[in-house]
Structures are given as structure tokens and as C-alpha cells.
Amino acid sequence: MSKLFRRKHYNGSTKTQLNRVLGTWDIVFFGIAAIIGAGSFSSLGEAIFRGGPGVIMLYVICGFACGFTALCYAEFASRIPTAGSAYTYAYASFGEIIAWVIGWALIMEYSFGNIYVAFSWSDYFTSFLSRIGIHIPDYLSCSYTEAKKAVLNGSGNAELINAWKTAPMLGSLRLIADVPALVINGLITWLCYIGVRESKNFNNALVLLKLFIIILVIAVGVGYVNTGNWFPENPITHEASFMPNGFVGVMSAVSGVFFAYIGFDALSVLAEETKDPQRDLPRGMIISLLLCTVVYIFLTLVLTGMVDYRKFDGIGDPLAFIFSEGATNLPVMEFIVSLAAIVAITTVLLVFQMGQPRIWMSMSRDGLLPKKFGEINPKTKTPAYATVVTGIVVGIPILFTDKSFILDFTSIGTIFAFVLVCGGVLLMPKREKVKGKFSLPYINGQFIFPILFIGGLVAFYFWQPNFFHTLMDWSDEQEGEFRISVFFFIIINLILCIFAFIKKLSLIPLIGLCSCLYLLTGMTHENWFWFGIWFLIGMVIYFVYGYKHSKLNKEENGDLV
């Protein structure tokens, strides 16, 4: 049993076959590329509709929570400057079996996350082409599953219904495929295959263009802001309010807002291609997160000031919508923003498609996956085989999955990895500070964390007493599932309070852990079911192959010299 939790030890310096070409600002650019993309360009509209102008507060809250998680990632990255992200960190702190679980979960974030991003890229690309008079047939710009669901559920989406009706037939099978999503996946895979230096230069150019477009949107939009839109009427009290649907309405947008922050953790897999990973990587991660939070705040202020928040219902391209005929009617800006969205989402695809092969490369080095996944192309200095496999893993599901399923599947794996990273920092021994290197500040959480959590519970009780009175009523069809999650969230954090008091645990990872655990309360039983299935598949692969071929296992048995 103890062999399942054997840990891998890393020293401060790591030799690598990869090119060390990335500096602090390269990491910042990759961070902006990963964070500002599909989430901000697609899910922002739904978040505004649910939370109103007050959704700005949620961006601050999520940025705050992700900031603590980023600090934990940065601490691990400075201690363990090797590719692998949370997988590598879990191997050092929790042991082999947990590292495998995290590595398996990260496939959900990087590979399956990129499926969603490819779908989003396709939506904007086809929309952009239609604005310049080029039309791709509907059955070549959506997935088979989406079209079939639309017909079965009586959807009002005319494009999906038309795709099903007009698709050519091969026997009884309708030929429906999202061709733009498949093409962009192939192109990004090729770019990642040819080398990180080329990817770096391409990425930096796209990020500069994207930031210019965003600044242009804010600058133009400011002139059309109506401050009255920031304080719309509350539908119940009929009073002007920054949060017209209340704080509960703001929190209901947490899924869309959190998705806008997914991506910063992908930067830690670039450790072996960073010039000074212990210095540049932590700085780059934190700077990019701060910059993106500021961008989100300004964007949300402009959008909610230009257009009444209620008009964002069902809007998937909010940045283009504010300049459409139904809003400010600026067709030139609408065109420019549509083009910017394509650029933004392309950069997200690039960062995520670079991340997954390096996870597999790290797992292969440890013997948990076949050696082929760890092979480095001598010419391009990239994990070529793993890169190609990633392209295939992303490409095939594009043919038979849909965006909603992929989005849910991605989120739970990502948050689960965040929980393990924050928890892992709590288990790492203290170290001496090194000048010029990042070191996570130690703040004794012995009294502060219990006071913050228990005090927060008491304050929430006086604010919403009815919530606690019904907390144990798990039979409620609408809220029963959420109450179960909150109940276990409270129990786990009370246990954390006890350990914080006894062990004098560090406050920063404690807050990061607490924040991520709270985000998991938003997951439905279906999310947990599919995560469980994915987990079981991973366990089978580990015990059939990984456990026996693990380098640590061979070292213990004397098979390695």
C-alpha cells in the first residue's frame, strides 16, 4: 500500500533537452493568451445577464481566489523547475497514485478544454466569414451531437436545425462535422510540433494584436457609456441597484466567470523552456493574472455601461454585440471585434495544445506512460509524438461531442487539480529564502483562518438564516444537491480549521484551498458521475501499466542502475 504513495524527489536544477528561450514577459504573454480568450469572449455575456453590472465583483472575487492558487503554483514551480504542472507537484508532495490522478485530470483540462475552445473558435470564424459575405454550410460548422440534440429537444436554433435538415446522407447517416474546429486543431498541432521558439514568436505577435483590439474596444466604448445602465432597476424592489438580481444573482454567474480564468496554471508546464524558471515563471504567472483581472473589470464596466444587462440574454459574442445594429450600430467595430475574437481564441488553443504533450512527457519519464510519449524530436526540440497524439485526442471528440458537455467536464478536472496544488503546498517543508527567487510568504493561519471561516459562517447566518434552517433538507429538487455540497464544504473546512490551529498551517494555501473547494460546490451530480467514470478508466490504466513500469517501482526492485 505504501508503494502507491511513494514520492519523487526533485533537486533545484534540472537538465533538459528542450530549448530554454522563455523570459518573464514571454510567460506573461502566454498567460494573457491563455486567460483572455474563449471565456472572456464567449461566457462574459451570460455572466453579465445573470449578475448585472455587479458581476464585476465576481471577477474580483474569482481573481482573488485564483491569485492564491497562482501563488501556490508559483511556489511549486520555483521549487520544482521541471515540466508537468500539477502532476509534477503532486508527485513530490502526495505520492505516485495521487500524481497519476492529477495527471489524468489534467488531460480533462488541456485536451478536453481545447475541444471547447475549438468549438468557440469555429463559431466566431463562421460568424466573421458571414459578415464578409462568405457562408459555410451549417452542416459543416457544427457537431453531429449538437444538431441531433437541437432536433430532439425542439431547439429554436435555426442553424442547428438547418444543419440536420440539409446535411448530405451516407446511407442513414447524416454527414455533419465542425470542419473549422477540426482545421484549427490541425494547424495548432502543427505549430506546436515545429518548435516552441516559433510558437513563442507567433503567440507574442497575436497577444499584442489582441491587447490592441481590447484597448480599442474600451476606448471607443467609453464614449457610448450610459451611467444609468450601471444602476438598473431591481425587478422585485423596483429600486436602482448595482446588483439588480442581488448577490445571489452575481454568484450564479460563477461558472462563466471562473472559466474566464482557466489557463494560468498551464504556464507551469513551460518550466523546462524558461530561462530561469525559479524567477521568471512565478513572476510571469502573477503579473499575467493581475493584468487580466484589470482587463476584465474595464471590459465589464464598458459592456454594462453601453447596453442594458438584460439584453445579454443568450449572447455568445458580447464584445461584438455591443457594436451591433441592436445596440450602438457601429458595423466597423463589430467587424474588428469579430476578428479579434478569432485571434484571442487562437492563442488559447496554442497554450493549451502546448501544455498537454508536456504533461504526457513528464508522466512518460516517470515510467507511468510508454517511453514514446517522452521522445524529443532532435530537430524541433519538442515532444513530437505526444504533440501529435494530443492533436488526435482533441480532434476525434470534435466529431461527436458538444460544447455544454465538454465545458462541464473540463471545469471539474481543473478545479480538482487546483485543490491538490493548494493542498500540496501545505505538505511541503519550509525552506530558506533565496535572494532573487520566488518564495511563498508564510503567514501563520493558526488563528486567522479559523476566525475568517467561522466568522464568515456566522455573518452569513445572520444575513441568510433561512439557508441554514433548510441546509439539511436534501430532498428539495432544485436546491437539495447544492445543500449537500455546501454541507460537506463546511465540514471539510471545519476540519481544516482544526489542522490550521494545531499545525500552524500557512494562510495563503489555506485560503486557496478553501476557495477552490467552494467552487466545487457548484458541480452537479452529472459532473461528478462523468468525473468518476474518467477516474476509473485512469485507475485501470495505472494498475495495468503505470504501477509496474514506474521508475520508482523499478528502483525499489533493483531493476534500474
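Is tryptophan 164 buried or exposed? Tryptophan 164 is buried, with a relative accessible area of 14%; buried means under 20%, exposed over 50% and partly exposed in between, using a 1.4 Å probe and protein chains only. You are looking at a predicted model, where local features need pLDDT of at least 70, side-chain atom pairs count only at pLDDT 80 or more, and totals for chains, interfaces and linings use all residues. Residues are numbered from 1 along each chain as its sequence is written, and side-chain values use heavy atoms, leaving out hydrogens and water.

**Aromatic pairs**

- Rings of Phe, Tyr and Trp (its six-membered ring) pair if their centres lie within 6.5 Å; planes under 30 degrees apart are stacked, over 60 edge-to-face, and the rest tilted.
- This rule gives 31 aromatic pairs.
- Tyrosine 144 and tryptophan 164 make a tilted pair, because their ring centres are 5.4 Å apart and their planes stand at 55°.
- Tyrosine 144 sits in helix α6 (residues 144-152) and tryptophan 164 in helix α7 (residues 158-166), so the pair ties together parts 20 residues apart in sequence.
- Tyrosine 144 is partly exposed, at 23% relative accessibility.

- The rings of tyrosine 542 and phenylalanine 543 are edge-to-face, because their centres are 5.0 Å apart and their planes at 75°.
- Tyrosine 542 is buried at 0% relative accessibility, whereas phenylalanine 543 is partly exposed at 46%.
- Both belong to one aromatic cluster, whose members include Trp100, Phe112, Tyr542 and Phe543.

**Helix α20**

- Helices (H or I, at least four residues) and strands (E, at least two) are DSSP runs, numbered from the N terminus.
- In α20, 13 of its 14 residues are buried.
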